[in-house]
Structure formats: structure tokens, C-alpha cells
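Please look at the structure before reading on.

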Amino acid sequence: MSVKALYDYEFPSMDRAEVFDDDVLVYVHWEGNPIFCSAACFRVPKTMPFGEFVTSFVVPWAESDPDFDPERTQHWRLFNDPLDVADTKSLADLGIGHKTLLTFAA
Amino acid sequence: MSTESPSAAPRKKLPLKERYALLTRDLDWEPSYVDREQLYPFTRYEGIKIHDWDGWQDPFRLTVDAYCKYQAEKDKRLYAVLDGFAQGQGHLTLSDASYLNSIKLFIQGVTPLEYAAHRHFAFLARHLEGPAPRFAALCQSIDELRHTQTQIHTISNYNKYYSGFHSWSKMHDRVWYLAIPKSFFDDAMSAGPFEFLISISFSFEYLLTNLLFVPFMSGASFNGDTPTMSFGFSAQSDESRHMTLGLEAIKFLLEQDEDNVPIIQDWVDKWFWRAYRVSALVAAMMDYMLPKPVMSWKEAFELYFEDQMLSGLFPDLDFYGIRPPRHVDDAIAEKEHLSHQVYKIFHNFSSVAAFTTKTPDDAHLDWLSEQYPDTFDTHHRPTWEKHQRVEAGGRRMFFQGLPQQCQVCQLAISFTEKDDPGKLSFRRSEFRGETFHTCSDGCKWIFDREPEKYVQAWLPVHQILKGDCGGPTIPDVLAWYGIQTGDNGEYTGSPDEQFWRAWHDPSLKHGE
Amino acid sequence: MNAALRPVSIDLQESEENRALIEAIEADNPEVTTRHLPGLIKLQAPGQIVINRESVEERLGHEWETGEFQLAIVSYTGNVSEWDDDQIIVKWEH
């Protein structure tokens with residue numbers, strides 16, 4: 001127990017996976033595009049196919065940049081590792097779990 | 001029968017030192033009906049060792065009679081200014097209505113912290129074991145309530161004519177960007193009394209106070225905001241006592257026992273960084289939200305922190321074995337970029353904030369280029385010019401979604417690597433099988449040191465996604481936040497801007 | 001740099017009332033430099049600044065308590081090393 005306290009300091013984490021049931025929180029970063037101050041945070045069903053995730057969540061967000069071209073999203077990474085994406089595979093299948101960070105270039 | 005001769009000497013007052021001893025130390029007593037540990041249950045668990053509470057010196061030697069006299073005088077002077085300004089429609093002499101976005105940030109973000117400080121210093125006024133620090137804490141508690149009240153009174157005048165001021169207290173507890181100052185103070189209040197003294201009295205009220213307050217007050221002075229400036233001067237005289245308490249607190253703790261030194265060092269490291277991250281809001285304000293800027297964030301940071309603190313204070317603390325804060329080099333490296341990155345957060349998200357933002361015009365961009373000659377044109381100007389182009393085409397770009405937040409400072413994770421200002425900094429920790437994201441080495445270090453505390457953080461973005469902030473849509477969330485139409489979005493065309501233009505329109509006929 | 005050389009500073013509100021105080025400080029601390037900022041006078045000196053009640057009273061033309069310094073001060077850098085009925089000293093200790 002690293003926190004100094006007068007009692008047993010044991011509490012559950014506020015945003016642990018079970019609180020989100022069958023969904024996960026996913027962060028998406030458009031690498032090298034400074035018009036967005038930060039990555040975006042989405043709540044997505046684990047079973048959603050990746051292609052649907054991109055069209056329903058990523059594109060509506062990314063297209064607030066008028067230069068965004070959805071055809072050009074590429075070089076997906078899961079944290080620091082290249083991610084072999086497929087439109088029909090689910091987020092769970094691709095290893096995109098709770099509070100993971102996805103990065104793409106466009 | 002004798003009468004007093006007209007030339008008799010006036011009755012002498014007690015010397016200051018004696019009066020102070022009589023009204024503090026000499027009013028204390030050692031209880032016989034309960035032991036010391038029962039009377040003071042909070043002063044042992046942090047591992048800090050105190051051998052002699054009488055070692056605490058208050059150089060101001062303030063007593064309750066002098067306190068009341070001087071504070072009453074300060075209030076009288078301040079309220080005279082507030083009345084004059086209000087009676088004379090002084091708000092019309094502001095540089096521009098857009099200036100008031102900085103004051104909206106102030107009442108929403110800072111005033112509630114004054115109130116929190118009032119409460120916690122009252123706690124210290126009971127639970128510190130020596131009469132001198134207890135009385136100093138009591139004075140500070142009343143000071144902080146005074147600051148809360150005077151800020152509310154000062155700023156209430158603007159609430160009559162401008163948006164965004166109306167529900168600051170509710171907003172402080174709920175709105176995403178206000179979690180930055182709120183979580184900072186909640187972290188301090190939920191720590192022990194000694195950590196609180198280092199976090200607030202030392203790090204906030206001494207180390208970083210000039211960086212936090214002088215920009216707001218100078219900004220007020222430069223932009224015609226007489227009431228805020230007067231409030232600032234009125235409060236600053238109290239602040240000099242608060243600074244003294246902070247410096248006295250750290251020296252007292254360091255002098256009491258050598259074993260306290262590493263504990264204090266850790267707290268200095270943590271709280272410098274937490275307070276520095278809160279000051280990022282001031283950086284954005286100084287560089288972007290003042291129609292008449294005072295100085296750049298970079299210049300203020302160099303003057304108030306690097307010169308006065310690193311070169312002035314820390315050599316003094318070196319005597320006790322305290323070194324400058326861990327991660328201070330990161331703060332120094334960031335001074336070229338901090339304000340631009342944080343204003344970008346505000347600009348991206350003012351659609352869901354209780355203030356408005358606008359893209360800097362060319363004159364403003366030129367000023368920024370002058371202030372940051374080595375970095376602005378390469379790293380930040382192109383983004384603002386793109387916004388200008390988007391707006392020239394009739395659109396206004398806002399972030400259509402929610403940001404990734406830092407688990408500790410709760411800012412959007414928007415800072416960049418020291419060696420590559422084009423690369424966003426991501427830091428990550430695992431705890432009990434769960435991933436936690438932070439914005440910097442400084443915040444990650446804080447998380448890793450006390451993960452049990454920070455995993456409980458109420459992060460606004462995650463809370464919205466859990467449905468705990470009024471509902472699933474943005475209008476639901478804004479309603480829950482208390483944000484009303486006109487409070488948020490783009491400054492140009494906003495109710496404040498239209499009102500300002502109407503009042504200052506030279507084509508209005510006489511008496512119109 | 002040792003304590004005797006490191007600059008201490010006192011920021012005072014620029015007001016009619018504080019003229020006498022500022023003049024007294026300038027007279028009693030020959031190495032002090034004075035800088036004007038909006039609404040504010042910044043007094044800086046190497047090592048220490050001393051405020052003497054008698055000097056202030058001489059210039060004010062009436063009695064002055066050192067406690068009244070609290071109404072004038074905006075900020076300071078250094079330690080308040082002494083404060084009694086006659087004198088206030090701001091300096092670095094180490």
C-alpha cells in the first residue's frame with residue numbers, strides 16, 4: 001500500500017473493464033496532424049467489426065479536418081506495434097482491448 | 001485627588017513580540033483529560049517526525065486584533081473600487097469583451113479553489129499541534145474565504161452583461177476542463193496535513209504563486225479590468241503571509257528531523273509538477289486570451305520561476321539537502337510550446353466549454369512569432385493559419401468527439417516530446433492488470449508512486465461515456481454541466497461579441 | 001552565489017500612501033533598484049532589504065506601525081527574517 005493512510009487503503013478502480021460491460025474504451029490518434037489537440041476517446045462494442053468502427057467512429061471525428069481523405073487512412077498501430085487490420089475482424093479479434101491506443105496516418 | 005497632567009506620556013502598548021507570545025503560545029495548554037495522540041490524530045501517519053512544535057516561527061507575528069483591523073481596511077478600499085467601477089459602467093472600458101473569457105476561466109477554475117483552501121486551512125487550524133501554526137492557518141482560512149467572497153463580488157458585475165459567469169460553482173464540479181484545477185486540489189485535500197502544507201502552502205502559494213496570479217492581475221490591468229486588478233492587489237497582501245507560511249512550513253519540517261528530508265523531497269517533486277500542469281491554463285490565457293498581452297508565458301516562466309525560484313529559493317533550500325524538483329528540466333524545455341498546445345485544447349473544445357475562443361489574427365500571430373522566435377513559426381503558426389483558411393471558407397473546426405485525458409493532471413494528452421515537438425507524448429502504466437495513460441514523465445511518475453489513489457480519478461471523458469453526465473448526447477451533457485447557449489463556441493458572432501459591437505458602434509445615433 | 005549577494009525583492013502597491021514607505025526604503029538601502037510595473041513598484045537589492053519605522057515616519061509626517069506594511073505589500077522574494085515594532089528585514093538565510 002503506497003498511499004499513506006490511517007486505514008486500509010483499498011478501492012476499486014473507477015474505469016476498470018467490467019464497468020463498461022461488453023464495450024471497451026479505445027483511443028485513436030491521427031499521427032502528425034496538429035489540428036487535433038489530442039487523440040480521441042471512443043466507447044465501442046468489443047465485437048464491432050473494425051471496418052464499421054472506422055466508418056462509425058473514426059471518420060466522423062477525422063472529417064472535421066477538411067483535408068481528411070478516408071481512402072488514405074493507413075499504417076495502423078496498436079500502441080507501438082504495427083496492426084494488421086481487416087474490416088471484417090472484430091476489435092477483440094484484433095487485440096484492441098480496453099483503454100488501448102490506436103494510431104493511424106492519413 | 002489627582003488629575004492626569006496634559007503632558008503625561010501615553011500608555012505604552014506591548015511590544016509586538018510580547019503581544020504575539022501572549023495571544024498565541026500563552027493561550028495554548030497541555031490537556032490533562034486526553035493524551036496528545038487522541039487530541040491530534042492526523043500528525044503521525046505520514047511518517048513525518050516533529051520533536052518541538054515551538055520551533056515554528058511566524059515572522060509576521062500577527063495577532064487577532066491586528067488581523068481584523070488590517071483586513072477590514074483592505075475590504076473597505078476594495079469595495080470602494082468595485083462600487084465606482086460598477087456605477088460608472090466600467091465594463092465598457094475593457095479592451096474587448098473577448099478579454100472576459102480569461103475571467104470566466106478564473107471564476108470557474110480558481111475561485112472554487114479559494115473556497116477549498118478556506119475549508120482545509122480551517123481543518124489545519126484545529127489539527128496542527130502548535131499554537132503558532134494553528135493561528136497562522138486560521139488567518140489563512142479566513143483570508144481564503146475573503147478571497148472567495150471578494151472574487152465573487154468583483155466578478156458578479158460582469159455577470160450582469162456577459163455570458164459564462166452564471167453557474168461557476170456547479171460547473172467546477174462537473175465540467176471537463178475544470179477537473180484540472182479541481183482534481184489538483186482534491187488530491188491535496190485528501191492527503192495528510194503535512195503533504196497539504198507542502199502541496200498548497202509551499203508549491204502553490206510560494207513556488208508557483210507569481211506564475212499563477214500575477215498574469216491574471218497584470219492582464220486585468222492592461223485590459224481595463226480595474227476591479228479584478230484591485231482584487232488582485234487586495235489579495236496579494238494576504239498572499240505574502242501565505243507565502244511566508246509555506247516557506248516556514250517547509251523549513252520547519254526539514255529542520256525537525258533528517259528523516260523528513262526524503263519525504264519532503266518527494267512531495268516537492270510531485271507538487272511542483274501538479275501545480276505546473278495547472279499553470280498550463282494560465283499559459284494559454286496569457287498568450288492567447290488577452291487582447292492586450294502583458295508578456296509571454298515563456299517570459300513569465302523565466303522571470304517568476306527560473307530566476308526567482310530556481311536561482312533564488314532553491315539555493316537556500318540546498319542547505320537542508322533539498323534539490324530542485326524532479327522533471328523541472330521538462331518544464332523548462334516545454335516553455336516554448338505549452339501555451340500553444342493548451343490553447344489548442346480550448347480552441348478545439350470551446351463548443352462544450354463555458355467560454356468562447358477564436359483563432360488568432362495575423363497581428364496576434366506576429367506577436368507570438370516575436371515572443372517565440374525559435375519555435376512558433378515552425379511548429380504552431382501553420383496550424384493557426386489552417387484554421388484561418390477553414391474559417392475563411394465559412395466553417396469553424398471543433399473537435400467532434402472526446403479527448404484522451406491524462407489520468408493524473410486530467411488535461412487532454414497534448415504535449416510533445418522534448419526532442420521532437422511534432423510527436424505527441426504518450427506514457428502508460430499497468431496496475432492490477434489495467435492500463436492507465438499519462439501525458440508526461442512527470443505525471444507518470446506521480447501515478448506510479450501512488451497508483452491506488454489515481455485509479456479512482458473521476459475523469460470527465462470516461463464519466464460521459466458511462467452515461468453519468470446527464471445523457472448520451474452533447475446537449476444532454478451541456479445541460480448537466482449548466483452551460484447555456486451563448487456561453488460556448490466561437491467568439492465571433494457570440495452574444496458577448498454582438499453586445500460589445502452594439503455598445504461601441506460609432507454609427508449609432510445620439511441617444512440610440 | 002551566497003546569501004549576501006542573491007537578490008531579495010519586495011513588490012509594493014503603487015499608491016499615494018506608499019510614497020513615503022518607498023522613499024524610506026530607498027534611503028536606508030543604498031543598493032536598492034526600483035522598477036515600475038503596472039500598479040506596482042518592485043524594489044530589489046542584493047542580500048537584504050531593511051524597513052525602519054522611524055525613516056517611514058520622518059517622511060510620512062505622522063506615526064506609522066510596522067504592521068501597516070501588510071497593507072502595502074504585494075509580494076516578496078526572500079525570508080522575512082525580522083519583524084518587530086521598529087524594523088522589518090527581508091533577506092536570504094543561507
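In this predicted model, C:Asp11 stands opposite C:Ser75, a residue of strand E5 of chain C. Strand E1 (residues 7-13) of chain C is joined to E5(C) by four bridges, and the two strands run antiparallel.

Both strands belong to an open sheet of four strands in chain C, in the order E2-E3-E1-E5 with antiparallel pairing. At the edges are strand E2 (33-37) and E5, each of which pairs on one side only. From one strand to the next, the twist averages 15°.

On the chain C side 21 residues are in contact with 27 residues of chain B.

| Element of chain C | Residues |
|---|---|
| Helix H3 | 69-72 |
| Strand E5 | 73-77 |
| Strand E6 | 79-83 |

Which element gives the most to the side of chain C that touches chain B? That is E5(C), with five residues. By class, the chain C side has nine nonpolar, eight polar and four charged residues.

Within chain B, helix H19 (residues 441-449) has these buried residues: B:Gly442, B:Cys443, B:Lys444, B:Ile446 and B:Phe447.

How values were computed: Residues are numbered from 1 along each chain as its sequence is written. Chains are lettered from A and ligands numbered from 1 in the order in which they are written. This is a predicted model: local features need pLDDT of at least 70, side-chain atom pairs count only at pLDDT 80 or more; totals for chains, interfaces and linings use all residues. Two residues are in contact if their C-beta atoms, placed from the backbone, lie within 7 Å. Ala, Val, Leu, Ile, Met, Phe, Trp, Tyr, Cys and Pro count as nonpolar, Asp, Glu, Lys and Arg as charged, and the others, Gly among them, as polar. Two strands pair if DSSP finds at least two bridges between them. Axes are lines fitted to C-alpha atoms, for helices over the stretch in contact, and angles run from 0 to 180 degrees between N-to-C directions. A residue is buried if 20 or more other C-beta atoms lie within 10 Å of its own, exposed if 12 or fewer, and partly exposed in between; C-beta atoms are placed from the backbone.
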